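I opened the structure to look up a few local features. My notes follow in the order I checked them.

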Amino acid sequence: MTGLDIAGSAWLHTALAVALLMIAGTVSGALLDIRPFRGPVIAILRAAIQLTVLGLILQGIVTDLRWVFFWLIVMTCVAIWTSGRRIGVRTGQQWSTVGFGIVSGAGFSIAVVLLTGALTPTPQHLLAIGGILIGNAMTISSIFGRSLLRAVHENWHEIEGWIALGADTGQATLRLRREAAATSFLPTVDQTRTTGLVTLPGAFVGSLFGGASPIAAGQFQLIVLAGVLCAGAICMLVLAHGLAQGGVRSLARIAVPETKQRSRSLLRRG
Amino acid sequence: MGHGTLLRPNGGWAYASLMTGIAALTFGTIEAGKPSYWTDEAATILSATRSWGSLWPMLLHVDAVHGVYYMLVHIWISLVGMGSPAMLRLSSGLAVGAAAAVTVLIARELGWTIPWAIAGGLALAGLPRMFLAAANVRSEALSVACSTLIVVLWLRAEHLGGRRRWLFHALALGIGIWIFAFTVLLLPVEILGRTLQRHDRPASSRSGWRNLFLSQGLGVLLGLPLLLLAYLERGQIAFLSSRGELTAHTLFTTPWFGAVPLSMLAWAVILWGIFRTARSKDIGERFQTLMLSSWLVVPGTVLVLFSILSTPMYTARYIALSSPAAALLLVSGIRTFRTTRTRVLLSVLLVVFLLPVLALERTAISVHSRADWSSVASFFQRQARPGDTVIYDIWVRPSWSPRNVSRLYPELVPNIRDIGLRRSWHCAPGLWDEPRTLPETVRRIGSAQRIWTVVVNEQKIHGRNQHSEARLAEVLRRRGYRISERRQFPLDTIVLWTRTSDGMTR
């Protein structure tokens, strides 16, 4: 069997390999007395079901551009919902900021990739690049949002001091936003720098398995890495601007709820 | 598990179920007689109008999987006659009504309130697939009704226990398999459902598993003869291998929603509902979402996997048995929106997208079947004279043969001489009439003055690349006939040939 091929009886080989790995993993876990013993088995079975369903959905979707767009919209909605919940946003303005951040970041990168002709706009390409970029934009959005709010929480007195001196919200949180952005961006930059040295990236391996030449797989991976960096940066820019735009009161509501009353009175005086 | 499981049966639910069933039946019968009969219905009607003595040998030869349904239609025809398509299709309308009524009871088992349960039942009747099934003399509607019955009995047995309930479940499963073999696809749904339920209720006993497996085993045992016959006659679905059935359209649109815009909106609502409730803290809400999702997804997934790994057997109509899950998840998705205004707005939007799809299914030549046989029959009624001769397309697959027009609309096609018929369907071992070859047919033309030819336009319906009209025209011209009239319908073309004065000398 060359590569992964489920045609014919080859899937039996896959099942055998997975079963052996699952048994070995379960036995090793049992020797360490990791309970419940059936945990790994259930996890693998669940993964098998989920991957099967996903595979079948994608098999259908990649045949029709309209369904690819539909699926990307669904992914975007789920990404916005997940990221917003993870950050803890409350107001409509904050939800809009998170949504606009993810959509503009991923959307701009996809547009550049397609308009420059780096990728042909086939359903397969659109689904692959769209899925990767939306997912990464969501991750960066969540990490940035949480980092910023943690920083606001920890440095609340500094912000109050800035505002007391007459600064607006943007000026008061400028340092914190920069630090949060640097923290959030670090994993993505590191991943890009160490590509091929520490890990083999998924898109590269996937393209190779899909039959692309190593050169073509490398080209696709490069596009993905650049796209992820761009999507993440734009997403953070929108979030940093948008969350600060909402004002101190709005930021305080999600970062330091206990100081809500204080910030309100502070703003009234300001 | 939802609170509804603790409720005792009461008049409110029975009344809601009954009223929903009647509403679904009424809705399903709207213009049910208008679309032309088509190939699948022709198979049902030709089989069901056989004598009992002729039906048995046929079932051992072909279509055993539909045998019980053909017998039921045989009985139905003996009750209501072959009077009109609407009357014949009423049997399917009744099945859709029953399915909607039982769907209300499923919603009750899942802990829904009566208004939402009614909405679930009505949503099922409104699904384009079910609207189509309600006007289709085929086992689809009845198999959906059976699947709802199996699921409600399973939920009742899970909630309340008792041997009798598990026995009823087994019986329903056995009957369901005899109506439609792929009803066995509900087995993994039930197992998955029980796993999910058990996950939420760790105290669930081993006896629950034992009861489920015993009941499922008994049900499969009851349906085993049919399953064996279906396996022996599996060659019947070999045509699916040439169809390329696994597309976004056949996977997401055709099974339930009929058109892409409606399908996308409905899927968006369903996915939103699943996303919002699958991780809910409410155990009942989480269970119902996961159970309905598995009912929606598992049967299709199993068929698609078989199609990829082994024999192609996926076709959208086989997973119609998941329709109640689609309807309930759709309503569940609407429920997750908090404000009444949003719910109403979404419902109106769905109806706006739905109506054109439904309207297109109730035209004389429906989008789904593309059959024009009722139009052809009406044309014959107006134009043909008793004593005329007719030659039906010889090269077409028997299910698409225009000869079916004379079988399905005998009252509209006058007494004309069919010279291409070798053996009538009720004497043949297979489903269809057996045609003569072209030379045999031509030899029987004799001194006919007027000959009608009815041929199928689409070449892909023919077994091979044959131009039926051109071949028949060549033969008839050589024998001195010329075209007097030609009428083309979407699927068939009718030509009237009359003998020229010098034709006799050629």
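**Confidence**

pLDDT is the predictor's confidence in each residue, on a scale from 0 to 100. I looked it up at the start, since this is a predicted model. Chain B has a mean pLDDT of 87. I found that 92% of its residues reach 70 or more. Residues 1–8 of chain B are another matter: pLDDT stays under 50 there. The model still has 20 contacts beyond four places in sequence for that stretch. Where pLDDT is low, predicted coordinates should not be read in detail. I left residues 1–8 of chain B at that.

**Helix 9**

I went on to helix 9 of chain B, residues 163–179. How far does helix 9 reach from its first C-alpha to its last? Its 17 residues reach 24 Å, close to the 24 Å expected at 1.5 Å a residue. I then checked burial along helix 9 of chain B. The buried residues include B:Trp166, B:His169, B:Leu173 and B:Ile177. B:Gly174 and B:Gly176 are also buried.

**Aromatic pairs**

I looked up two of them in detail.

The ring centres of B:Trp256 and B:Trp267 are 6.0 Å apart. Their planes stand at 65 degrees, so I noted the pair as edge-to-face. B:Trp256 is in the loop between helix 12 (248–253) and helix 13 (260–277) of chain B. B:Trp267 is in helix 13 of chain B, eleven residues away. Both B:Trp256 and B:Trp267 are buried.

The rings of B:Phe379 and B:Phe489 also have centres 6.0 Å apart. Here the planes are at 75 degrees, so this pair is edge-to-face too. B:Phe379 sits in helix 17 (residues 373–383) of chain B, and B:Phe489 in the loop between strand 6 (481–488) and strand 7 (492–499), so the pair ties together parts 110 residues apart in sequence. B:Phe489 counts as buried at 9%.

I also noted one aromatic cluster with members from chains A and B. It is formed by A:Trp67, A:Phe70, B:Phe252, B:Trp256, B:Phe257 and B:Trp267.

**Charges over rings**

I checked two arginines against rings. The charged end of B:Arg194 sits over the ring of B:Trp209, 5.3 Å from its centre. B:Arg362 lies over the face of B:Phe131, at 3.6 Å from the ring centre.

**Strand 7**

How many residues of strand 7 of chain B are buried? Eight of the eight are, so strand 7 is largely enclosed by the rest of the structure. In a regular strand the side chains alternate between the two faces of the sheet. I therefore checked each side, citing the general rule that side chains alternate. On one side of strand 7, B:Asp492, B:Ile494, B:Leu496 and B:Thr498 are buried. On the other, B:Thr493, B:Val495, B:Trp497 and B:Arg499 are buried.

Next I looked up the partners. Strand 5 (residues 450–456) of chain B pairs with strand 7 in the antiparallel sense over seven bridges. Strand 6 of chain B also pairs with strand 7 in the antiparallel sense, over seven bridges. Strands 6 and 7 of chain B form a hairpin with three residues between them. B:Trp497 in strand 7 has B:Ile451 opposite it. B:Ile483 stands opposite B:Trp497 as well.

**Positive phi**

Most residues other than glycine have a negative phi. I looked up two with a positive value. Phi of B:Glu31 is near 50 degrees. B:Glu31 is in the loop between helix 1 (11–28) and helix 2 (39–48) of chain B. Its relative accessible area is 45%, so B:Glu31 is partly exposed. Phi of B:Asp63 is near 60 degrees. B:Asp63 lies in the loop between helix 3 (52–61) and helix 4 (67–80) of chain B. B:Asp63 counts as buried at 3% relative accessibility.

**B:His249**

My last entry is B:His249, in helix 12 of chain B. B:His249 counts as partly exposed at 35% relative accessibility. Which residues does B:His249 contact, leaving aside neighbours within four places in sequence? I found B:Thr254, B:Pro255 and B:Val260.

How values were computed: Residues are numbered from 1 along each chain as its sequence is written. Chains are lettered from A and ligands numbered from 1 in the order in which they are written. This is a predicted model: local features need pLDDT of at least 70, side-chain atom pairs count only at pLDDT 80 or more; totals for chains, interfaces and linings use all residues. Side-chain values use heavy atoms; hydrogens and water are left out. Helices (H or I, at least four residues) and strands (E, at least two) are DSSP runs, numbered from the N terminus. The expected span of a helix is 1.5 Å times one less than its number of residues. Buried means under 20% relative accessible area, exposed over 50%, partly exposed in between (1.4 Å probe, protein chains only). Contact means heavy atoms within 4.5 Å. Rings of Phe, Tyr and Trp (its six-membered ring) pair if their centres lie within 6.5 Å; planes under 30 degrees apart count as stacked, over 60 as edge-to-face and the rest as tilted. A charge sits over a ring if NZ of Lys or CZ of Arg is within 6 Å of the ring centre and within 35 degrees of the ring normal. Two strands pair if DSSP finds at least two bridges between them.
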